[in-house]
Amino acid sequence: MAYSDKVIDHYENPRNVGTFKNEQDVDASEVGTGLVGAPACGDVMRLEIRVKDGLIADAKFKTFGCGSAIASSSLATEMIKGMTLDQAAQISNTKIVEELNLPPVKIHCSVLAEDAIKAAIDDYKKKQAK
Amino acid sequence: MCAATASKIEVTVPEGVKLPIFMDNHSTTAVDLRVVHAMLPFFTQHYGNAASRNHVFGWTAEAAVEAARGQIAALIGGDAKEIVITSGATEANNLALKGAASFYKKQGNHIITVETEHKSVIDTCKRLQREGYGVTYLTPRKDGIVTPEMITDAMTEKTILVSVMLANNEIGVVQDVNAIGAAIKAKNPKCLFHTDAVQGAGKIPFDVEKAKADLVSLSAHKMYGPKGIGALWVRRKPRVRIDPQIDGGGHERGMRSGTLPVPLIVGFGKAAELAKEEMHDEAIRLAALRDRLYKGITSRLTETYVNGSMEHRLPGNLNISFAFVEGESLLMALKDVAVSSGSACTSASLEPSYVLRALGVGDELAHTSIRFGIGRFNTEAEVDYVIELVVKSVERLRALSPLWEMHQDGIDLNSIQWTPH
Ligand SMILES: Cc1ncc(COP(=O)(O)O)c(C=O)c1O
């Protein structure tokens, strides 16, 4: 299958790879984590957001999955940085499909990225509610 | 820090290595130039119809076809008269199973095969089931082997045919067809034994007499011959009968009508002759390259798992799972190297490899499998380049993998509540 240049770019140079877990200056209460997918299905995304003053100040990800899954999550971290939680929660997978030019068989990768954003926001909100 | 290791890697291409590298020799093979040369005169010079009995064009074509039958039969220890030319092994498998099932249906309606067979056997069996035949699909051992006992245990008085492949196209596992044939015939001499020998013929010793085989499928394009040509070897002593599946002019002793593609047959014959002559040395060379690949990869990467028996395996095959790295993403990293993956993402069905499933390999590992098929034209320098590229790519993708991180942190991935989608 041929990949779009954008997918290849994100795959070869993924943005915001990693975790806040080991970063000294990050308080765990500022972080929300979304872990979606399943190893048996061939894709797992973990997206972390760091929230400051109601804004997503930073985001990090790691993904087990095909090139399109890696690209979708990499792009998602770029898109949500600087957004409010509400804005980020509004992002739909079609935005990712358009941006990366994903073929129909890869749409589930973008859905997973959308789910990961929502799961990270939920996790953050749950932490705050405690 | 992570971002650095997760980014694109550079591997220098050694001198003498040309990209892209073809290391997918189970899917098909390049046509050997010696085969091409043998074929060429039959396109423009000796282009007669082998069935034309009244002029020299026909005679020349027929003589070439007969010579090729001899070369093909010699590769497997059979007789030229036992070769039925087909369009390939898909057709040969269809003809063997449907043809025998139909001819012998008065004797019984039960067929035995194995879950790891090629789709052209499995799907043919499924159709026969819809037509009223009973089919037993044996589950092999974890190493991919089917034992003679598994087969004889499944045999009943109704069993008319057993189909077990010589070597598997994904995992390269070689079955002990000689022991299997002997066991079948000891239990019931009338039960037929078919073997899909596509991947094994010309790669490892195989003899129809030693295997006590009745029907054998072959394909030229897996042995450096042209695509679109194959054969079904049909035993004559004692005579094995099959009902034709294609009716017409009565070619191939009525078993398969259609004008013979003479250039392809000549190429198939030449490919078979070369395979027979060179098999011994080639097997040693390919096994050494395969072992070099295996050692090169596994000495530098942990959490790799070979799928299928390492001992009973085609010389050029390596099928290996790289835990925590999804197969298609690895194929993308290996973009200048043609290999294939058992990952769902690379299949039309979005299901991981049914062959690996039959071995009991979990889906999470099946998604991470890569099949390397080393062949006649691969070199040591290519293997070394592939080792370097695979190792660096797997390291990079593991740096990107949340599963690898969890594994490193000692988290049991089975303890996590995943959200299958
Ligand atoms: C084991 C096996 N059987 C049958 C086939 C089908 O052969 P062909 O491509 O000649 O139809 C193949 C190749 O795909 C194969 O690997």
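## Chain A: contacts and overall form

Of the contacts in chain A with a separation of 6 or more, 64% are accounted for by residues 24 or more positions apart; contact here means heavy atoms within 4.5 Å. This is a predicted model, in which local features need pLDDT of at least 70 and side-chain atom pairs count only at pLDDT 80 or more, while totals for chains, interfaces and linings use all residues. Residues are numbered from 1 along each chain as its sequence is written, chains are lettered from A and ligands numbered from 1 in the order in which they are written, and side-chain values use heavy atoms, with hydrogens and water left out.

Chain A contains five helices and three strands, arranged along the sequence as α-β-β-β-α-α-α-α. Its radius of gyration is 14 Å, close to the 14 Å that the globule rule gives for 130 residues, so chain A is as compact as a globular protein of that length. Helices (H or I, at least four residues) and strands (E, at least two) are DSSP runs, numbered from the N terminus. The radius of gyration is taken over C-alpha atoms, and the globule rule is 2.2 Å times the number of residues to the power 0.38. Along the principal axes, the C-alpha atoms of chain A fill a box of roughly 45 × 25 × 25 Å.

Of the 130 residues of chain A, 55% count as buried (under 20% relative accessible area; exposed is over 50%, partly exposed in between; 1.4 Å probe, protein chains only). The accessible surface of chain A is about 5500 Å², and carbon and sulfur atoms hold 49% of it (Shrake-Rupley method with a 1.4 Å probe; for residues, only the protein chains shown count as cover). Chain A carries 16 positive and 19 negative charges, whose mean positions are 3 Å apart. Lys and Arg count as positive and Asp and Glu as negative, without His and the chain ends; each charge is placed at NZ of Lys, CZ of Arg, CG of Asp or CD of Glu.

Ser72(A) belongs to helix α2 (residues 67–80) of chain A and is buried, at 0% relative accessible area. Beyond its neighbours within four places in sequence, Ser72(A) has contacts that include Met45(A), Ile96(A), Leu100(A) and Cys109(A).

## Chain B: overall form

Chain B has 14 helices and 13 strands. A compact globule of 421 residues would have a radius of gyration near 22 Å, and the 23 Å of chain B agrees with this. The C-alpha trace of chain B spans about 80 × 50 × 35 Å along its principal axes.

In chain B, 57% of the 421 residues count as buried. Residues 24 or more positions apart supply 73% of the contacts with a separation of 6 or more. Chain B exposes about 17400 Å², with 54% of this from carbon and sulfur atoms. Its 46 positive and 48 negative side chains form two sets whose centres lie 7 Å apart.

Strands of a sheet pair through backbone hydrogen bonds, either parallel or antiparallel. Two strands pair if DSSP finds at least two bridges between them. One open sheet of chain B has four strands in the order β9-β10-β13-β12, with antiparallel pairing. Its edge strands, β9 (304–306) and β12 (340–341) of chain B, each pair on one side only. Three bridges join β9(B) to β10 (residues 317–322) of chain B, and Val306(B) has Ile320(B) as its bridge partner in β10(B).

Strand β3 (residues 110–114) of chain B has five of its five residues buried, so β3 is largely enclosed by the rest of the structure. His110(B), Ile112(B) and Val114(B) point one way from β3(B), and Ile111(B) and Thr113(B) point the other way. β3(B) pairs in the parallel sense with β4 (residues 134–138) of chain B over five bridges, where Thr113(B) stands opposite Tyr137(B).

Helix α8 (residues 177–187) of chain B has buried residues that include Val177(B), Ile180(B) and Lys185(B). The cover over the buried residues of α8(B) includes α7 (148–154), β5 (159–163) and β6 (192–196) of chain B.

## Chain B: two loop residues

Arg300(B) sits in the loop between α9 (262–298) and β9 of chain B and is partly exposed at 39% relative accessibility. Not counting residues up to four places away in sequence, Arg300(B) touches Ile387(B), Glu388(B), Val391(B) and Glu395(B).

Ala30(B), in the loop between β1 (21–22) and α2 (33–39) of chain B, is also partly exposed, with a relative accessible area of 39%. Ala30(B) and Gly375(B) are 345 residues apart in sequence and 9.2 Å apart in space, C-alpha to C-alpha. Leaving aside neighbours within four places in sequence, Ala30(B) is in contact with Tyr224(B) and Phe377(B).
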